[in-house]
Amino acid sequence: MQTKIPSTSNVMTTLLRADFITQWRNRRSVIMVLLVPVIIVISWKSLVARLGGPFVLSNCITVGLTAIGLMGYTNSIARDRDKGIFQRLRVAPVPSWSIMMSRLVVQLVMILLVTLGVFFAGYYFDKISMPMQGYSLAFICALVGGAVYLSLGQVIVGLIQNPETVSSTTRLVYFAFIMVGMFGELGVLGKEIGEIVKWSPYGAVKRIISDSLQPGAWNIHSSIALLVTFGYTMIFSVLGINWFKWNSR
Amino acid sequence: MNDNGQATILQVEQLNVYYDTFHAVRNVSFEVRAGEIFGLLGPNGAGKTSTLAAIEGLLQPRSGKIHVAGYDIAEKKKYARASMGVQLQATSFQPELLVPEIIQLYAGVYGVEMNKQKVDSILKEIELSSASSKRFGQLSGGQQQRVSLVIAMIHNPELVLLDEPTTGLDPQSRRQLWERMENMRSKKHGILVTTHSMEEAESVCDRIAIIDHGQIIAIDEPQRLIDLHRDDPKVISVSRRGRITLEDVFIGLTGKQIRS
Ligand SMILES: Nc1ncnc2c1ncn2[C@@H]1O[C@H](COP(=O)(O)OP(=O)(O)OP(=O)(O)O)[C@@H](O)[C@H]1O
Ligand SMILES: [Mg+2]
C-alpha cells in the first residue's frame, strides 16, 4: 500500500463540481437572490430620470451583493458546519483553505450573475445604457464590493454557531443594511445618518460601483470609498477567519 | 514492527485531550496492528470519539504522539490522513447530492480513479443501486450510514476508523459490514472500531480496549478479558445467567452507574 496524495488542482475541481451541483439543486433560493435586485431595477423605472442610471444600477447590485454574502454564503456555511459536512471533508488529505475557496468561487459566480442580471434588466426595462468600459469596471467593483459582504458573513458564522440563530441574524442585518442604506442614501433619514451610510459598507460599495459605471465620474471620494471597501474586507476577514470554528460543538 | 512481528498501523502514545479545563482523554496509549480489528469500548462520554478526533487531526491534543502508517499526525498530517479512512459518528454529506455524486466527490478528494462502472459496482455492493437517483438527504438513516461506510474505505486505506458504525444498521447490513471489516483484515489493513455492542466486540474484534472517564482500564483479547475477570466479585455480581459474558466484564469494570 502506498500513500497517495491527490493534487490540489484535482481536489479543487472535485470540490467545485460538488459545490456547484449543490448550488444548482438549491436554485429556488438562488433565483430569489437574483430576482430581488432585478425586480427593484424594473420597479424603479420612473426614478431613473431623477436619480440617474448609475445610482439605480449600483443600488440594486449592492442589494444583490448583500443578499449573496449575508444570506447565501453565510447560511450555507452555518448549515454545513452543523451537519458535520466540513469535518468529514477535513479528515481527507485536502487543505482546509481549499474547502472554503471552493465555496467562495461559487459565490463569485453568483456576484457576476447578479451584476449581469441588473445590467440587462436596466438596459431592457429602464433603457439605462452605459459605456462598455463602465460595465467592465463595475464588474470588478462588484467583485470587490461583494467581498465585503462575504467577509461580513464570515464574521457572523465566526461569532454564532447555531444555524438558526445565524439565519435570523443575517436576515436582520440584511434588512437593516437595505433599509438604512437605501433610505439613508435618498436623504430620508436626515443628514447625519446619510453621512454614516455613505461610508458604511453599503454606501462605500454602492459608490465604487456607481462611479465606476461612468468613467468620468471617478474622483478622490471614489478612491477613498474603494480604500474603505478594502479596509472593511480586511478587518472582517481577519476577524471572521480567526473566530471561525469548523465544528459546531 | 512489534513483538508479534506484525506491522503497527496506528500508534497512540500517552494521549491527553482537554476541552478547556475538562480532561477528556487521559494518558491513552494503544496500537492497532496490520490485519487486526481493534475495538474501543466505553460508556457514553468515555472519550472514544475524542480519541478518534485526535487521531484524525480534528483536534489538537494537549500532549501525546500519534503515528498513522508511520506518519506523525502532527508533522505529516496530509500523509497520515491519506492513509486513513474515516467514518465519523456524526457524519453527513451534502443532502442535495445524489449518492453517485458523493462517491465521485470523495474519490476525487482521495485521488481515486472513478468511472461510471466503478460507481455502479459500489452502489451494488451496498445495495443502493435502486437509490442511485436519490439525494443523500432522502435516504433512510441506515442507508446513509452505508454510504458513509463505503466512503470510509473508498481509497483502500491502511487504517480504517469507524465510530459506532453499526448504530442504526439492520442485522443484514451489520453482518455485511462485519464481513467487509474481516475482508479488510485479511488484506492486512488495520481497523479501529468503537461500539456499544458487546456482541459485535466479541464476534469481530481481535483485541479490545475498555475506556472509562478518559482512561484505558483494560486491553486484551475479548475471551482473555472474560477469563481474566471471571472471578472478580464485581463482575460476578452483575452477571445475569450464571455464564460470564463480555458485557458482564464491561459493566463490572466500568460500574452500573449511567453516565451523565
Ligand atoms: N467540543 C467539546 N467541548 C466540551 N466537551 C466536550 C466536547 N466534545 C466532547 N466533550 C466531552 O468529552 C467527553 C468525551 O466525549 P466523547 O464524545 O469523546 O465520548 P464518547 O466516548 O465518544 O461517547 P459516546 O459513546 O456517547 O459517543 C464527554 O464528557 C463530552 O461531554
Ligand atoms: Mg462517541
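This is a predicted model: local features need pLDDT of at least 70, side-chain atom pairs count only at pLDDT 80 or more; totals for chains, interfaces and linings use all residues.
Before I show you anything, one definition: buried means under 20% relative accessible area, exposed means over 50%, and partly exposed is in between, using a 1.4 Å probe and protein chains only. Residues are numbered from 1 along each chain as its sequence is written, chains are lettered from A and ligands numbered from 1 in the order in which they are written, and side-chain values use heavy atoms, with hydrogens and water left out.

Let's start with charges. Side chains of opposite charge can pair when their charged atoms come close. By salt bridge I mean a side-chain nitrogen of Lys or Arg within 4 Å of a carboxyl oxygen of Asp or Glu. Searching the whole structure over all chains turns up 16 of them.

Take B:Arg185 and B:Asp206, whose side chains meet in a salt bridge at 2.7 Å, N to O. B:Arg185 sits in helix α6 (residues 171–186) of chain B and B:Asp206 in the loop between α7 and β9 of chain B, so this pair ties together parts 21 residues apart in sequence. A quick word on helices and strands: they are DSSP runs numbered from the N terminus, with helices being H or I of at least four residues and strands being E of at least two. B:Asp206 has 27% relative accessibility, so it counts as partly exposed.

There's also a network: A:Asp19, A:Arg79, A:Asp80, A:Arg103 and B:Glu96 are joined by salt bridges that share partners.

Which residue does B:Glu101 form a salt bridge with? That's A:Arg25, with the closest N and O atoms 2.9 Å apart. Since B:Glu101 belongs to helix α3 of chain B and A:Arg25 to helix α1 (residues 8–25) of chain A, the pair joins two chains. B:Glu101 is buried, at 14% relative accessible area.

One more on chain B: B:Lys65 and B:Asp72 form a salt bridge, and their closest N and O atoms are 3.4 Å apart. B:Lys65 is partly exposed at 40%, whereas B:Asp72 is buried at 7%.

B:Thr49 is in helix α1 (residues 48–56) of chain B, and B:Gln89 is in the loop between β6 (84–87) and α3 (99–110) of chain B, so the pair ties together parts 40 residues apart in sequence. B:Thr49 is partly exposed, at 29%, and B:Gln89 is partly exposed too, at 43%.

On to the rings. Rings of Phe, Tyr and Trp (its six-membered ring) pair if their centres lie within 6.5 Å; planes under 30 degrees apart are stacked, over 60 edge-to-face, and the rest tilted. Over all chains, the structure holds 13 aromatic pairs. A:Phe86 and A:Trp246 make an edge-to-face one, 5.4 Å centre to centre with 85° between the planes. A:Phe86 is in helix α5 (residues 85–90) of chain A, and A:Trp246 is in the segment after α11 (220–243) of chain A, 160 residues apart. Both A:Phe86 and A:Trp246 are buried. A:Tyr149 and A:Phe177 are also edge-to-face, at 5.8 Å and 85°. A:Tyr149 is in helix α7 (residues 132–159) of chain A and A:Phe177 in helix α8 of chain A, 28 residues apart. Those two, A:Tyr149 and A:Phe177, are buried as well. Ring pairs also link A:Phe86, A:Phe244 and A:Trp246 into a cluster.

Last stop, helix α10 of chain B, residues 246–254. Its buried residues include B:Leu246, B:Val249 and B:Phe250. What do the buried residues of α10(B) pack against? Their partners, all in chain B, include β3 (36–41), α7 (198–204), β9 (207–212) and α8 (222–229), where contact means heavy atoms within 4.5 Å.
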